[in-house]
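Biologist: Hi! Could you walk me through this model?
Modeller: Happy to, let's look at it together.

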Amino acid sequence: MLKLLLVLLVGISNAFAQDFAPLLSAPHRSERNVVRDPHRHPAETLAFFGVREDSTVVEILPGSGGYYMELLAPYLQAKGRYVAANRDELAVSPYKEDHQKLLERLKAEPALYGKVAVTKFNADRHDIAPAGSADFVLTFRNLHNWIERGEAEAALRAFHKALKPGGVLGVVDHRGRTDLSQEAQMKSGYVREDYAIALIEKAGFRLAGRSEVNANPKDTKDHPVGVWALPPTYRMKDQDRAKFAAIGESDRFTLKFVKR
């Protein structure tokens, strides 16, 4: 029975992924985002979270690059709602300038982004959406920053408040090593998956699913400058660039939580 249920769930997820497939080749997508698709698996990731065309989705810190915004805003345009919870007035350079670029991009492409709602995000200082209004809150590779700055609990409070009862929190981040404590690898940009789950469940969420769609077993997680040695950052510039290019982007966990 369990095996049959798993087969059915995989089939449903694959069907949802097909909804996003046409958007991957849409002409409005930037080249810098398209080249990252093989590492980020956006269609499969959004399908795993369960996003549908009539959903209200809040994305945390999409920035002017708007990787997921390029997909979600057009997809939700007719029946759903896309909310970009981005920077507030306390943002410093370069985030302040990037936020302005985001606003300019939305204004310049009204056919794609005319219905995008922009809200403020900074831990729990603002309502990222009206309380209990969001079907989904999605965050991609941000959790490690909030943990390092001691802001994770506050951010999770904001997410919990915005979500409907039973709403989904989707989290993707760089998966840390299990032979090191979270504290020992804090500066590397990696997060222990068990640490992330415990932290988020403590904030009033229940783990509803885990996906390996963004896993990368080539990532040894022992790089001299942490995760930023890998593409697309290449913080070490030309030093060992070929080696890091061969590894690809980081090994990542993909976690689905439900608001309790």
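Biologist: Which residue in strand 7 does valine 171 stand opposite?
Modeller: Valine 171 stands opposite leucine 255 in strand 7. Helices (H or I, at least four residues) and strands (E, at least two) are DSSP runs, numbered from the N terminus. Before we go on: this is a predicted model, where local features need pLDDT of at least 70, side-chain atom pairs count only at pLDDT 80 or more, and totals for chains, interfaces and linings use all residues. Residues are numbered from 1 along each chain as its sequence is written, and side-chain values use heavy atoms, with hydrogens and water left out.

Biologist: How many bridges join strand 5 to strand 7, and do they run parallel or antiparallel?
Modeller: Seven bridges join them, and strands 5 and 7 run antiparallel. Two strands pair if DSSP finds at least two bridges between them.

Biologist: And what about strand 4 and strand 5?
Modeller: Those pair in the parallel sense over six bridges. In that pair, valine 137 stands opposite leucine 169 of strand 5.

Biologist: What's the strand order in the sheet?
Modeller: It is an open sheet of seven strands, ordered 3-2-1-4-5-7-6, with mixed pairing. Strand 3 (117–120) and strand 6 (205–211) stand at the edges with a single partner strand each, so one side of each has no neighbour in the sheet.

Biologist: Which strand 7 residue is the bridge partner of phenylalanine 205?
Modeller: That is lysine 259. Strands 6 and 7 pair in the antiparallel sense over six bridges.

Biologist: New topic: is leucine 106 buried or exposed?
Modeller: Leucine 106 counts as buried because its relative accessibility is 9%. Buried means under 20% relative accessible area, exposed over 50%, and partly exposed in between (1.4 Å probe, protein chains only). Leucine 106 lies in helix 6 (residues 95–108).

Biologist: What does leucine 106 touch?
Modeller: Not counting residues up to four places away in sequence, leucine 106 touches Met69, Tyr113, Val116 and Val118. Contact here means heavy atoms within 4.5 Å.

Biologist: How far apart are the C-alpha atoms of leucine 106 and valine 116?
Modeller: They are separated by 7.6 Å, with the two residues ten apart along the chain.

Biologist: Last one: how many residues of strand 5 are buried?
Modeller: Nine of the twelve residues in strand 5 are buried, so that strand is mostly covered.
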